[in-house]
Amino acid sequence: MTSANGETLIGRAAFIDDDGSPHTPGWLASTIAHERNIHIGQLYAVNPVDSGNNWANKGGGYHVNEIQAYDFEIRNASRFGISETELQTVIGRRNAAYDLIAIYPFYTARISSTAGSTGNNYWILPGCRRDRGTCIRRYRHAC
Ligand SMILES: [Zn+2]
C-alpha cells in the first residue's frame, strides 16, 4: 500500500497468496508497479484544470484510483510475467472496484466496464482528493 506521504509498504501479500502458495516474481513486480507507477503518480499528478493531485482516500475517487492501477497491471501482465491465475485475480479486483463506482454516473460515463481497457479518464472529482480531508458539499454525490 502507498501512503499519502509517498511511502510504499510491500507486505506479505506481494509474496504469498491467501492460500499460502508462493506468488510468481511477476506478481511482486506488478504489485510494485501498482503502488509506485500508478498510486505515486496519482499523488503527484497535476490536474490541468486546477493543479490539484489525483489521490483519493475514500468513495468513488478511491475506487477510480484502484481501477486505474488494476488496468495498468492487466495491460502489462505479460511484461511483468504474472500467471493466468494471478491475472484473473487482478481482473476480479478491477471488476469489484468497478461495481463500486456504479452509483457514480460521473465516473461510469468516463471509465469503461472492460478490465484493462484504454482511453479511460481517471481524473477524480476535486472534492474526493485526499488533501481535502472530507468531501465538500457540491461533490458529495460522487465521493
Ligand atoms: Zn491500489
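The questions and answers below walk through a predicted model of a helical protein.

Reader: Before we start, what should I know about the numbering and the confidence limits?
Author: Residues are numbered from 1 along each chain as its sequence is written. Because this is a predicted model, local features need pLDDT of at least 70 and side-chain atom pairs count only at pLDDT 80 or more, while totals for chains, interfaces and linings use all residues.

Reader: Thanks! How many helices and strands are there in the protein?
Author: Both kinds of element are DSSP runs numbered from the N terminus: helices are H or I with at least four residues, strands are E with at least two. From the N terminus on, the order is α-α-α-α-α. The count is therefore 5 helices and 0 strands.

Reader: What is the radius of gyration of the protein?
Author: It is taken over C-alpha atoms, and the globule rule to hold it against is 2.2 Å times the number of residues to the power 0.38. For 143 residues that rule gives 15 Å, and the protein comes close to it, so it is as compact as a globular protein of that length. Its radius of gyration is 15 Å.

Reader: Which residues does Tyr107 contact, leaving aside its neighbours within four places in sequence?
Author: Two residues are in contact if their C-beta atoms, placed from the backbone, lie within 7 Å. Tyr107 is among the core residues with the most contacts inside the core. Its partners are Gly60, Val64 and Ile101.

Reader: Now α4: which of its residues are buried, and which on the other side are exposed?
Author: Buried means 20 or more other C-beta atoms within 10 Å of a residue's own, exposed means 12 or fewer, and partly exposed is in between, with C-beta atoms placed from the backbone. Glu86, Leu87, Val90, Arg94, Ala97 and Tyr98 are buried. They cover an arc of only 120° around the axis (taken from the directions from the helix axis to the C-beta atoms), which puts them on the same side of α4. Exposed on the other side are Glu84, Thr85, Gln88, Gly92 and Asp99.

Key
A nonpolar core is a set of buried Ala, Val, Leu, Ile, Met, Phe, Trp, Tyr and Cys residues joined through C-beta atoms within 7 Å.
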